[in-house]
Amino acid sequence: MIKFKLEGEYIPLIQLLKACNLVQTGGEAQIVVSQGDVLVNGETEYRKRLKVKIGDVIEFEGQKIKVA
């Protein structure tokens, strides 16, 4: 599990995927989110600009990100 330390109130979902090196570009992040490949707190998420906050768990391609 990847632990991501949040600086501030939130981070947009596509930026989080890039920051954790799970995708190479913002465009790739937008594609995987729009295809429904990303889970947020166990639910499929399609919103690219979703505000990810402390306590959220993101899942993508077998990797989990815990936001702290």
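A search of the whole structure, which is a predicted model, finds zero aromatic pairs. One ring does have a charge over its face: lysine 51 lies over tyrosine 10, at 4.8 Å from the ring centre.

- Five strands form an open sheet in the order 1-7-6-3-4, and the pairing is mixed.
- Strand 1 (2-4) and strand 4 (43-44) are the edge strands; each has a single partner strand, so one side of each is left without a neighbour in the sheet.
- Strands of a sheet pair through backbone hydrogen bonds, in either the parallel or the antiparallel sense.
- The pairing of strand 6 (residues 57-60) with strand 7 (residues 63-67) is antiparallel and runs over four bridges.
- Valine 57 has lysine 66, in strand 7, as its bridge partner.

**Nonpolar core**

- The largest nonpolar core has 21 residues, of which Leu13, Leu16, Leu17, Val38, Val52 and Ile58 touch the most other members.
- At least two residues of this core come from each of helix 1 (13-19), helix 2 (26-34), strand 3 (38-40), strand 6 and strand 7.
- Helix 1 gives the most to this core, with four residues.
- In soluble globular proteins, nonpolar side chains tend to be buried together.
- Leucine 13 touches Val33, Val38, Val40, Glu45, Arg47, Lys48, Leu50, Val52 and Ile58, when residues up to four places away in sequence are not counted.

**Glutamate 45**

- Glutamate 45 is in the loop between strand 4 and strand 5 (51-52).
- The relative accessible area of glutamate 45 is 10%, under the 20% limit, so this residue counts as buried.
- Beyond four places in sequence, glutamate 45 touches Leu13, Val33, Gly36, Val38, Val40 and Leu50.
- The side chains of glutamate 45 and arginine 47 are joined by a polar contact of 2.8 Å.

**Arginine 49**

- Arginine 49 is also found in the loop between strand 4 and strand 5.
- Its relative accessibility is 58%, over the 50% limit, so arginine 49 counts as exposed.
- With neighbours within four places in sequence left aside, arginine 49 is in contact with Ile14 and Gln30.
- The C-alpha atom of arginine 49 is separated by 8.6 Å from that of glutamine 15, and the two residues are 34 residues apart along the chain.

Key. Residues are numbered from 1 along each chain as its sequence is written. This is a predicted model: local features need pLDDT of at least 70, side-chain atom pairs count only at pLDDT 80 or more; totals for chains, interfaces and linings use all residues. Side-chain values use heavy atoms; hydrogens and water are left out. Rings of Phe, Tyr and Trp (its six-membered ring) pair if their centres lie within 6.5 Å; planes under 30 degrees apart count as stacked, over 60 as edge-to-face and the rest as tilted. A charge sits over a ring if NZ of Lys or CZ of Arg is within 6 Å of the ring centre and within 35 degrees of the ring normal. Two strands pair if DSSP finds at least two bridges between them. A nonpolar core is a set of buried Ala, Val, Leu, Ile, Met, Phe, Trp, Tyr and Cys residues joined through side-chain atoms within 4.5 Å. Buried means under 20% relative accessible area, exposed over 50%, partly exposed in between (1.4 Å probe, protein chains only). Contact means heavy atoms within 4.5 Å. A polar contact is a pair of N or O atoms within 3.5 Å; within protein, one must be able to donate a hydrogen and the other to accept it, and residues adjacent in sequence count only if both atoms are side-chain atoms.
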